[in-house]
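Please examine the model shown below together with its sequence.

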Amino acid sequence: MSELAIEREIDRSQMKVSDEVAIQITKMNKWYGAFHVLRDIDLTVNRGERIVICGPSGSGKSTLIRCINRLEEHQAGSILVDGTELSSDLKNIDKIRSEVGMCFQHFNLFPHLTILENCTLAPIWVRKTPKKEAEEIAMHYLEKVKIPDQALKYPGQLSGGQQQRVAIARSLCMKPRIMLFDEPTSALDPEMIKEVLDTMIELAEEGMTMICVTHEMGFARQVANRVIFMDQGQIVEQNEPEAFFKTPKSDRTKLFLSQILGH
Amino acid sequence: MSDKNVSFVRTKMLPQSEPPIGQRGVVKWIRENLFSSWLNAILTLVSIWLVWFVVSHLTPWFANSVWAAESLSQCREIRDATIGNGVPSACFAVITDRWQQLLFGFYPNTEYWRPVLALVLFVVGILPALFTAIPRKFLIGTAVTPFVLFWLLWGGSVWTTAAGALGFVIGYYAFKLLTDRAGLIVGVGGAVGISFAYWLFAAGPLGDALHSILPIGIQYVESKNFGGFTLSVVIGVSGIILSLPLGILLALGRKSDMFIVNKLSTGFIEVIRGVPLIVWLFTASLILNYFLPPGTNFDLMLRVIIMVTLFSAAYIAEVVRGGLAALPKGQYEAADSLGLDYWKSMRLIILPQALKISIPGIVNTFIGLFKDTTLVVFIGLFDPIGLTNAIRASTNWNGIYWELYVFIGLMFFVFCYSMGRYSLYLEKKLQREHR
Ligand SMILES: Nc1ncnc2c1ncn2[C@@H]1O[C@H](COP(=O)(O)OP(=O)(O)OP(=O)(O)O)[C@@H](O)[C@H]1O
Ligand SMILES: [Mg+2]
C-alpha cells in the first residue's frame with residue numbers, strides 16, 4: 001500500500017494530551033467460542049490522545065475497538081470508559097454509547113432517512129434535544145464536513161466519501177467525548193480517502209480523543225500521538241509514530257511495516 | 001460539365017416520408033411481439049383460439065341474462081319467451097332479489113345504513129395511516145375509529161362502548177407510568193392486568209350508570225345476525241389490523257436473545273402455522289366452550305376473529321422475520337453505537353426498513369386471510385358462501401349456482417385487487433423515497 005501524502009500543515013495548538021484518563025482497559029480477554037481473539041489487552045487512553053491501531057488482517061483490531069462501546073462483549077478483565085465500567089448493565093452501556101461515537105468501514109447510514117434525519121435522530125431520541133435545535137446542530141456539523149447542501153438527500157444519492165463524512169457528522173451530533181474509527185477509508189477510492197482524512201484531521205486539531213483502526217500510515221505519522229501494533233489478539237508494540245516507524249522493536253512489526261509500506 | 005450547375009449539397013430538402021408499412025405502428029408491434037418466430041406465432045394463434053373459445057361461450061350467457069324475475073323458473077320462462085328456447089342465459093335476477101342478503105346477512109333491514117356508514121368511516125379513518133401526505137394529527141381520528149365502528153355495527157348504548165374504550169386509555173397511561181418507574185416488563189404486565197381488571201369489574205357498571213343518567217343508543221344487533229359481506233369484511237379487517245402488530249412482535253420475539261421469549265414465540269408460530277385454519281375455527285367454535293366457565297357467553301364471532309388474527313399473525317411473523325434477516329448487520333450496529341435502546345432502534349431504524357422489504361409478503365398474507373374468512377361457513381356463520389345455501393333453500397331459487405358465485409367472486413376480487421394495488425403504490429413510493 002502506498003502512502004497518501006497529507007499536504008497541509010497540521011495545526012497542533014489544540015492537540016493536547018491531558019492527564020485525565022478517558023479509557024482504561026485492563027487484562028481484557030475475549031473469545032469467540034473456543035477461539036481466543038483478544039489476549040490480556042492492557043491499554044490506557046488519556047483525554048486528547050490520537051491513537052492509530054494497525055496490524056495484519058484478523059489480528060483483532062476491529063474486535064478491540066468494538067469492545068469499547070460494547071458492540072462486542074468481553075469475557076474477562078475490565079473496560080472503563082470515562083470512569084464507567086462496561087458490564088452487562090444496560091444503563092451503563094447506553095450511557096457509554098451516547099458518549100462514544102463510532103464510524104464504520106461501510107458507513108452504515110440509515111438509507112430510509114435523509115442526511116439531516118440521519119444526523120438528528122440520535123440527538124432527538126437519545127438526548128431529547130428539541131427537533132429544531134437538533135437540526136441546527138446537524139447543519140453545523142454538516143457544514144463542518146462540507147456537505148450542508150446535501151442535507152435533504154438520501155444516503156443512496158451520495159458518493160462513498162460524502163457518505164463517510166455524513167457518518168462522522170452523525171456521530172459528532174451526539175457531542176461525543178471519544179471517537180472510534182474502524183477502517184473508515186478502506187472502502188473508498190483515493191480521492192475520497194483524502195476528503196475523509198481531512199475531516200478526521202480537523203477533528204484531531206480540535207482536541208478530540210480518537211482511536212482509529214487504519215492502514216493510512218501518512219495519517220498515523222502526522223496525526224497520531226501513539227501507534228499500536230496488534231497481532232494474533234495481542235498488543236505487540238506501541239510507540240510514538242516517529243520511533244514506531246523508524247525503529248520498530250519486534251520482528252513482527254518490522255515484517256508488517258515492510259509489507260504495508262511496500263519496501 | 002460546368003461547376004456552376006452542380007452542387008454537392010442538396011439545396012432542397014426531400015419531403016418527409018413515413019417508414020415502410022412493415023416498420024411502423026401496429027403492424028410493426030404485432031410482428032415484433034406476436035409473430036417474431038415460428039414458436040411465437042403458434043403460441044399466439046393458440047392463445048387467440050383459447051380466448052375466443054372462452055369468450056364465445058360466456059358472452060351469450062351474460063348478454064342474454066335476465067335481471068328481473070321472481071324465481072329461477074320465471075327466469076327460464078322469460079328467456080324462452082323473449083330470447084329463445086334453451087339458449088344459455090344467466091339469471092341475475094337472483095342478485096336483484098337477494099343482494100341485500102348477500103351484503104348484510106340477517107342484519108335488520110331498517111339498519112342497513114349502519115354497516116354502509118361503518119365502511120365509509122373505515123375507509124376515511126384509515127386514510128391517514130395509509131397515505132403519509134395527510135397531516136399526522138389526523139391519526140388521532142384513526143385511533144378513535146375502531147370504537148365508533150364497533151358501536152355502529154353492534155349498537156346498544158353508546159356508553160357501553162365508551163366505557164370499554166376507556167379501558168384502553170387506562171391501559172395506556174398505566175403502561176406509561178409503570179414503564180417510567182419500573183421498566184418495560186412491569187409496564188406491559190401492569191397495563192394488561194389493570195385494563196382487564198377494569199373491563200371485568202368496572203366497565204359494565206360504569207356503562208350502565210352513565211346510560212341511566214343520559215340514555216343515548218341505537219338498536220342492538222346480535223352477532224348471529226351478521227352475515228354476507230358485512231361478516232367477511234368485519235372478520236377480515238379486524239384480523240388484518242390486529243394481526244400486523246402481533247405478527248411484528250412475534251417476529252421480534254423469535255429473533256430475541258431472551259430464551260423464554262424466543263422459545264415461546266417460535267413455539268407459538270410453529271404450532272399455529274402447522275395446523276389448518278379450519279381446525280382452529282372448529283377449536284374456536286367447539287372446544288373453547290369446554291375451557292370457559294359454564295354459563296359464560298363468549299361471542300362466537302369474537303372467537304373467530306381471535307383465531308383468524310392468531311393464524312395470520314403467525315404468517316406475518318415469518319414474513320417480517322424474513323425482512324429483519326435481510327437487513328445488513330451494520331444497521332443494527334449503527335443504531336446501537338448511537339445509543340438508541342432496543343425499542344427505539346427497532347421502531348426508528350430496523351422495522352421501517354424490514355417492513356418495507358416485507359410489504360409484498362404482508363399484503364399477500366392479508367389477501368389470503370380475507371379470502372379464508374369464507375371458511376367460517378363450516379362453523380355455521382353465514383358468510384356469502386353460506387348464504388348461497390340459504391338462498392337455494394328457498395323454493396324460488398332452488399338450483400341456482402353460477403350467478404351467485406360470479407357475484408361473490410367479483411366482490412372478493414374488488415377487495416383483494418384494491419389491496420394489491422395499494423401494496424404496489426406503497427412499494428413504488430418507498431422506492432422513490434429511499435433509492
Ligand atoms: N463473530 C465472530 N465469530 C467468530 N469469529 C470471529 C467473529 N468476528 C471476528 N472473528 C474472528 O476474530 C478474528 C479477529 O477479527 P477482527 O475483525 O477483529 O480482525 P481485524 O484485525 O479487524 O481484521 P481486518 O483488518 O481484516 O478488519 C478473526 O480471525 C476473525 O475471523
Ligand atoms: Mg476489521
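A polar contact is a pair of N or O atoms within 3.5 Å; within protein, one atom must be able to donate a hydrogen and the other to accept it, and residues adjacent in sequence count only if both atoms are side-chain atoms. By this rule, 6 residue pairs, both at pLDDT 80 or more, are in polar contact across the interface of chain A and chain B.

This is a predicted model, in which local features need pLDDT of at least 70 and side-chain atom pairs count only at pLDDT 80 or more, while totals for chains, interfaces and linings use all residues. Residues are numbered from 1 along each chain as its sequence is written, chains are lettered from A and ligands numbered from 1 in the order in which they are written, and side-chain values use heavy atoms, with hydrogens and water left out.

**Interface of chain A and chain B**

- Contact (heavy atoms within 4.5 Å) links 25 residues of chain A with 21 residues of chain B.
- The two chains bury about 2100 Å² between them, 60% of it on carbon and sulfur atoms; buried area is the accessible area (1.4 Å probe) that two parts lose on being put together, summed over both.
- On the side of chain A, Phe110(A), His112(A) and Trp125(A) lose the most area to chain B, together 29% of what that side buries.
- There is 1 salt bridge between the chains, a term for a side-chain nitrogen of Lys or Arg within 4 Å of a carboxyl oxygen of Asp or Glu.
- Arg66(A) and Glu333(B) form a salt bridge, with their closest N and O atoms 2.7 Å apart.

**Domains of chain B**

- An automatic or database domain assignment gives domain 1 (25-61), domain 2 (157-218) and domain 3 (221-433).

**Ligand 1**

- An oxygen atom of ligand 1 lies 2.6 Å from a polar side-chain atom of Ser57(A).
- A backbone N or O atom of Gly58(A) is 2.8 Å from an oxygen atom of ligand 1.
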